[in-house]
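Here is a short briefing on charged side-chain pairs. Please view the structure first, then read the notes below.

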Amino acid sequence: MKKFLYILIGALVLTSCEKWLDVAPNTDVPAKELFTTENGFVSSLAGLYIVMTEEDTYGKNLTFGLMDQLVQFYDKLPDGTSDRNSIYVYDSETNTYNTKGVLANVWQQQYHTIANANNLLKWWDQNAETVLVDATTRRMVRGEALALRAFLHFDLLRGWGPMNYAGNDKSRAMKCMPYRTVADHSKQPLLPAETVLRHIINDLLEARQCMEYEKDLDLSDVRNDRQYRFNYHAINATLARVYNYAGIKDSAAMYANQVIKECGLTLQTSNYNDPILSKELICGLSMHELEDNLSDYFAVGDKLNTKYYLKLSTLNALFESVGSESEDIRAQGTAMYRSNELQNAMSLKYVDNDQGIIPLIRLPEMYYIVCEASEDDKVAATHINTVRNKRGISKAKDVVCDTEENRLNALSREYRKEFYGEGQYFWFLKAHGITGPLSYCSDGVTLVAENFVFPLPDAEVQYGWTEENEQKEESKEESAPSNMN
């Protein structure tokens, strides 16, 4: 769907969860009337993507905002906060980052979007056969809604679930979050991480089956704009990400290889006028007037000192470069604005971004997943070095993956370079149970295990489902007088 359609629908979307559940996202028409037309289904689906661009989630906190702040990618924040360690205060309100409040907003907004995906799926079950007469449209609506539900739940699991899921058998039984498949406001039980993961995979596999008509989709053909939706290749890429998280390496490698071979995209060798590397986008969001909307956080020139910036020394440490000289295009002036006068720098991903792209999944991650999942150390090295070479790093500096430690260290360095400003490095560290000092952070911040598991929001603890409340409700039902007679 073309970007102008996103803009149109985005301007019409209601922000109230209750209203959206009951009425159309662009009118006051009741949902039962909205879902009597194909346009109603299609506009509601597009509305899900629009809501995901809000700051509480992928428009800030789950990309360049909270997630990158947690790994200390910035030496200065727009609000002037300087106490780096206060960001890890999750259980009480603070006057600095107030991470507790930010996390509560992330949780609420993710489940808000999930509720609306479930609402769409509910009406699909009731009306799709009669309203969506075109089989392709019918499959697209269901496939994308299921994929979105799985994707949103997975990022909640990465935050509120256990650390090092694949490497700690006991952690998989940790009850951490609900998996919501209903569109109402009923309380849902906290499920073990392994159960949540199973639901995620099941939704993705069904979504993949729905979208199989897109198997031959060439994402390099930008005329269809399918990179802004959960297309067939994006679902495969999400499966690769999920299986890799779960430690199911053969499945992770299989889906990642499928994406590499079949999606039509290739790794870029230049980011000139394209620091976001848009031609590698497997799936992303389109934010209307992104540069204006994010100008409070990213702006070069005389406004640099009031935005998200890092010191030149931090940049050099992060990207393993020396001064302004770097082979790596990700550290050059085409990707990072440098002020020699101020000795500061800033990512250009959200400054020079005419297409308004918020990336969710890009092609390099598939190479990294194959690297991590491969049992052959030479195959593993080939995949990570392929990305490095495309980024301008000479073959003479190729890394080796002859031990698990070397492989993990190489991947860690690449994740932080490749996905700077995209929120993925924190998830990488958590998935692998990596703690310790952040070597590139001049203030010597050290991550500990407690930094990686987010506590449930107060509202979920106070008002959410509990076994005790469930037993009370069952007791009330059993003792209630029968009206059957």
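**Salt bridges in the predicted model**

The side chains of R330 and D328 meet in a salt bridge, at 2.8 Å from N to O. The model is a predicted one. Across the whole structure, a search finds 30 salt bridges.

**R330 and D328**
- R330 counts as buried, at 5% relative accessibility.
- D328 counts as buried too, at 2% relative accessibility.
- Both values fall in the buried class because that class means under 20% relative accessible area.

**R142 and D125**
- R142 and D125 form a salt bridge through their side chains, 3.4 Å from N to O.
- This pair links distant parts of the chain, with the two residues 17 apart.
- R142 lies in helix α7 (residues 135-160), while D125 lies in helix α6 (residues 99-131).
- R142 is buried, with a relative accessible area of 15%.
- D125 is exposed, with a relative accessible area of 53%.
- The labels for this pair differ because buried means under 20% and exposed means over 50%.

**E414 and K417**
- In the salt bridge between E414 and K417, the closest N and O atoms are 3.2 Å apart.
- Both residues sit in helix α15 (residues 404-418).
- E414 and K417 are three residues apart in that helix, so about one helical turn separates them.
- E414 is buried, and K417 is buried as well.

Note on methods:
Residues are numbered from 1 along each chain as its sequence is written. This is a predicted model: local features need pLDDT of at least 70, side-chain atom pairs count only at pLDDT 80 or more; totals for chains, interfaces and linings use all residues. Side-chain values use heavy atoms; hydrogens and water are left out. A salt bridge is a side-chain nitrogen of Lys or Arg within 4 Å of a carboxyl oxygen of Asp or Glu. Helices (H or I, at least four residues) and strands (E, at least two) are DSSP runs, numbered from the N terminus. Buried means under 20% relative accessible area, exposed over 50%, partly exposed in between (1.4 Å probe, protein chains only).
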